[in-house]
Amino acid sequence: MAAGRLLTPALHVIASLVCLALLLFVSATGLGPLPPLGPTFVPGTGVWTAGADVQLPRAETIHGAGLQRAARVTFESNGVAHLQAATDTDLYWAIGYLHARFRLFQMDLLRRQGESRLSQIVGPDALPVDRFEARLGLLRTAQAEWAAMPRSGEAAGALQAYAQGVNARIREDEAQSNLPLLFKMLDYHPSPWTPIDSLVIQGDMAQTLDFTDDPLDYAVYARTLGYTRTMQWFPVLPANDPHGYDPGPYASLGLQPLLPQQGAATADSGAVAELLDSFGRLPAYVLHHGANSNNWAVGGAKTASGKPLLAGDPHLQQTLPAIWYQLEANSPGYHFSGVSIPGLPVILIGHNRDIAWSLTNVQNQATLFYRERTDRAHPGQYYWKGAWRKMATLTYDIPVEGGPTDHLTVQLTVHGPIMEDARVSGQAISVLWMGGLPSPDAEAMLKILRASDFTAFRNALRLWHAPSQNFVYADRRGNVGLISAGYYPIVRRGTPWLPLPGDGSADVVGTIPFDAIPQVYNPPSHYVFSANQRPVGDSYPYYIGTSKDFFDNGYRAAEIETFLARHGRLTVRDMEQLQNDTHDYLAGLIVPRLLSALSGRRLGARERQALLVLQRWNGNMDVASPGATIWWQFWTSYLLKTFKPWWDFYKVPYRTFASLAIGPGQVALVEDLESWTLHDPTNGAFTPPRSRRRSANDVMVAAFTDAVSVLSKQLGGNPAGWRWGHIHQREFISLAQIPSLGYGPRAGSGDPWTVDAADGFPIATAGPSWRFIMDWGTGGALGVYPGGQSENPVSDWYETGIDAWWQGKYFPMIDAAAARRQAGSVTWTLLP
Amino acid sequence: MKLGAMRPAPVVLVAGVAIVWTGAVFGLWWIPVAVGLAAGMLVRPGKLAVLISLVAGAAGWAGPLAWQSLSVDILRTASVVSGIMGAGSNGWTIVLFSVFLAALLCGAGAWLSIAVGGLVRALRATSGTARSGRSKARTR
């Protein structure tokens, strides 16, 4: 009876206890994708603190541990920072502090990517990337670079001071419960910053710019299409004119040029397919794909002012926050202005008081794959130089949010890490990547920041190994130059565009000596330019890469060269116009041939309308242009109608491996088709296997008909209304892959071959990430990037530059004194 | 004199709001639970205690948010957070959710407190009945 009376209140207690316990659990730890609700939403310290950034920084005094003397930071109204420090060390401290203040989450994400720690915050979805990075070894490289760096040297000092500045801000954020929004939503705290983290971010950039899987693609093509046909269609030297900037004469200094051995490595293996499959499942930023960047400089003989002009626009993944943080810096030893990468204490592109420079990617072959011979009878060993050798092994524990820690063993041969578990008996593939070798890039950049003439600039670049970059140069005195600095690996023998035998016969024996790498200084033309094209002519005595991705097809280079050659008395306005140019050079070559092929043919009414549009088209990929739409669809169809029958006949697995698919992104195929259309219209490639004979004209007409049909279905029956922007957009994706934090998609102009490049179709996610113009006539510079100085999506500085960038406008890069005079600027005083 | 009569509900409400508000400012997100537990002990009847707790929790977090909104656009923050969580771009969703969370924490604390109080009273009543029964038996 008594027990019965107690039952109801007891159940009441149990029910309330369970409810409260569940509520506390979800509030304290989160559930599934939900963050811990309590700390996330509590008003004083939760996500609401991000709102404070809606107001831009106020004039204030900040005390920072590690500062030696007082420093000052002035912000322009658009967030660009101007630093004034009393010592060089304090300058790097202040840059670290600023980066952490405005880009801490981005910095943490970048170091996590290279250090195999993404899974720790986002869960098992990131495990393939973490495992890939652990194998590739950016962290190992960074550790080796740091170990080799003299502690008393300038670079180590800069990295240490920078880390102190970052950590000062992290401590401040922690003490004030003011960590950036995404730390709170993902429920974690940043660990202290170290110089190695900065070196890992340097490695991230190298990886994005020059780690490729092209030799694996070559291996599959060689197995399916046959080696001879593969090398005809993906030749070492391009089928077209790549418009190299260094015409020679060339010197061969110390190493023998590569002698390709036809058919040396046609054998494919399951290991190649496995690795290609594994790479195909990685996010786009992990491997280098496509083309990027323009830069040029014009000597005073061709400018209105009589002094040089320099322009640069690196094309990278366009993200929010942007990869760049703009600053101007002054200390006793340094005066520079330009864009830095959060995580690194230097600017990469910009100017000092005497010289200006900008970068494009060289895109020489920097990744070599080796087929390592293994055997069950020799576990953990590989065969090299006549003997079985023990592989070095490293073990990694990769923490995984919401799952067990992943344990990974990485095996290394003399060439580099094995990139995938050797599931296919008897063969494993290792990779030798130039970015995996220690490179004193930080030291090189510090020397560039101090350089006052070409000799000092060039000497600094002797230290630059990876990623190989075209450094364009212009100085106050009137000189211009271009140097393609970096490692160019030379193998003993063999075909480096294919996976090489790992037995020692095809090992790398060295690199091209610095004095023999592509470079020019004050050429007779009075201008220099690069756009990822093959920088040298056919007589260059060294192997540097092939037409398949290693170099761009030269259309942007041709457009730039044509413009610079044609015009004299060039001005800043001309540089702006060229950077924002949307003329498609290839269209200019091919459309007249297409019109010729169509003349006299019987066409339907809609095809006649489309033809009329093309006849009136100026070749510009403008957002409102219907001609651009018809051209692009035609060219895509032309490529497919030419090559797809071959791919199908020879069973090229393009449906399995996206990198083998036919499209405008296949640099070599585009060059082939251009060359055949212009110079060899009866090339056998136009006739598919076991089909009736076709010429370029036949295929062009069929492709045009197909393009009109496709566009009619997609965009309606009026060709004059087929605006390029209807099928082509640009998007700036969120670095954290959160759709609501990105920008676009928005109808956009350009294509991969226009100077104002848009890489990707139908949505371009890469393009000019920063546009920079230096005018030595006035000593002034202009710059703009499609993003903002703050990573906080609530901040007014999150998207500051996008509208200006989109409209082709620029911001003047003023100095600190001018910034302080500017209305709306604010100044921080940093005190020890 | 009843305990509830010594600490009238309005006093508990005002004190509760003040404590939850102060805790919220310092990031002590669990304070509403403690306030709810206390309110459940101090206020009778239980339904009134729950009501007071819900109001105290909600007001204790709504207050600092309203205060912040005087200087910053909290709806902008809320709409960004809502977008990140995939809940659309309406910032009010996140503001109301935050206030609701505090009310829930406070109310759940009160519920437990009231339930425990009920169990204690039932135990006392049961033991009182048993003592009374034993006393009657000894008398006989």
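On a 1 Å grid over the protein atoms alone, a cavity is a set of points where a 1.4 Å probe fits but cannot get out, and its lining residues have an atom within 4 Å of a point. Grid points are joined across faces, edges and corners, and a volume is the space filled by probe spheres set on the points. This is a predicted model, where local features need pLDDT of at least 70, side-chain atom pairs count only at pLDDT 80 or more, and totals for chains, interfaces and linings use all residues. Residues are numbered from 1 along each chain as its sequence is written, chains are lettered from A in the order in which they are written, and side-chain values use heavy atoms, without hydrogens and water.

The largest cavity has a volume of about 310 Å³. Its lining has 28 residues, and A:Met205, A:Leu344, A:Leu348, A:Leu359 and A:Trp464 are the closest to its centre.

Now turn to the interface, where 41 residues of chain B are in contact (heavy atoms within 4.5 Å) with 43 residues of chain A. About 3,500 Å² is buried between the two chains, 81% of it from carbon and sulfur atoms; buried area is the accessible area (1.4 Å probe) that two parts lose on being put together, summed over both. On the chain B side, B:Trp29, B:Ile84 and B:Trp111 lose the most area to chain A, together 18% of what that side buries.

One salt bridge (a side-chain nitrogen of Lys or Arg within 4 Å of a carboxyl oxygen of Asp or Glu) is found across this interface. B:Arg76 forms a salt bridge with A:Asp796, with the closest N and O atoms 2.5 Å apart.

Note on methods: 1 Å grid on protein atoms, 1.4 Å probe; cavity = no way out; pocket = protein on both sides within 12 Å on 5 of 7 lines; lining within 4 Å.
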